[in-house]
Amino acid sequence: METINEYINVRRDLGLAREMKQILEDEKERIYCEFFSQSSNVGQEPQTKGFRKDKMVAYLEIIGMPDINGKTLDDRILDQKIKIDGIKEHYNECVKSLKEDDNSHSHLFYLIVIENVGISIAVATVAEKFGKSEKTIWRNEYKNIEKQLSRIRILTDSFSL
């Protein structure tokens with residue numbers, strides 16, 4: 001059951017990291033549109049002492065401003081990409097662990113969630129593989145992973161993976 005919970009937590013973390021990266025990219029795009037949309041006057045400051053600030057220079061100043069941690073918007077986006085890559089590696093390890101786990105509830109979870117096999121077919125497959133009756137798998141193993149399956153459904157509805 002620990003392997004299943006680890007998988008769910010890593011999948012949640014991956015969804016959150018991707019969501020955060022998207023928020024940062026959306027913010028960068030919003031700033032860009034603010035400066036470069038057809039109707040925008042932002043960054044076109046009046047000429048003072050022979051110098052008029054260019055829109056691109058003003059845009060680069062804004063996105064280049066460090067936050068409280070000293071990181072620019074591009075730095076934070078890059079950090080999220082690196083974080084996502086690390087979480088993906090851990091996610092792949094969790095999938096491998098689920099696949100190789102030698103207990104019936106982990107194998108059932110793997111078939112249903114990772115392989116996307118129908119529940120009835122997964123129960124029959126696990127029953128055959130572990131030499132148990134389908135009724136036993138439904139009663140014991142499926143019942144044990146039902147809560148985790150509902151957590152996965154919630155994650156799937158919340159984040160696209």
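Start with helix 6, residues 134–158, and centre the view on Tyr142: in this predicted model, the helix has a kink of about 45 degrees there.

Keep helix 6 selected and colour its buried residues, which are Ile137, Glu141, Tyr142, Ile145, Gln148, Leu149, Ile152 and Leu155. Which helices cover them? Show helix 1, helix 4 and helix 5, which are among the elements lying over these buried positions.

To see the contact, display Ile119, Ser120, Val123, Ala124, Val126 and Ala127 on the helix 5 side. On the helix 6 side, display Glu134, Ile137, Trp138 and Tyr142. By class, the contact is made of eight nonpolar residues, one polar and one charged.

Now move to helix 1 (residues 2–36) and helix 4 (residues 104–114). Their axes are 10 Å apart and meet at an angle of about 30 degrees, so the pair is roughly parallel. Select Ile4, Tyr7, Ile8 and Arg11 in helix 1, then His105, Ser106, Phe109, Val113 and Ile114 in helix 4, to show where the two meet. Six of the residues in this contact are nonpolar, two are polar and one is charged.

Hide the cartoon and look at the largest nonpolar core, which has 28 residues. Which of them have the most contacts inside the core? They are Tyr7, Leu108, Phe109, Ile112 and Ile145. Helix 1, helix 3 (73–100), helix 4, helix 5 and helix 6 each give two or more residues to this core. Pick Ile112: beyond its neighbours within four places in sequence, it touches Val117, Ile119, Ala122, Tyr142, Ile145 and Leu149. A separate, second core has eight residues, including Ile31, Phe35, Ala58 and Tyr59.

Finish at Asn116, in the loop between helix 4 and helix 5. Is this residue buried or exposed? Asn116 is exposed, with a relative accessible area of 66%. Check its backbone too: phi is near 60 degrees, a positive value in a residue that is not glycine. Most residues other than glycine have a negative phi.

How values were computed
Residues are numbered from 1 along each chain as its sequence is written. This is a predicted model: local features need pLDDT of at least 70, side-chain atom pairs count only at pLDDT 80 or more; totals for chains, interfaces and linings use all residues. Side-chain values use heavy atoms; hydrogens and water are left out. Axes are lines fitted to C-alpha atoms, for helices over the stretch in contact, and angles run from 0 to 180 degrees between N-to-C directions. Helices (H or I, at least four residues) and strands (E, at least two) are DSSP runs, numbered from the N terminus. Contact means heavy atoms within 4.5 Å. Ala, Val, Leu, Ile, Met, Phe, Trp, Tyr, Cys and Pro count as nonpolar, Asp, Glu, Lys and Arg as charged, and the others, Gly among them, as polar. Angles under 35 degrees count as roughly parallel, over 145 as roughly antiparallel, 65 to 115 as roughly perpendicular and the rest as oblique. The bend at a residue is the angle between axes fitted to the seven residues ending there and the seven starting there. Buried means under 20% relative accessible area, exposed over 50%, partly exposed in between (1.4 Å probe, protein chains only). A nonpolar core is a set of buried Ala, Val, Leu, Ile, Met, Phe, Trp, Tyr and Cys residues joined through side-chain atoms within 4.5 Å.
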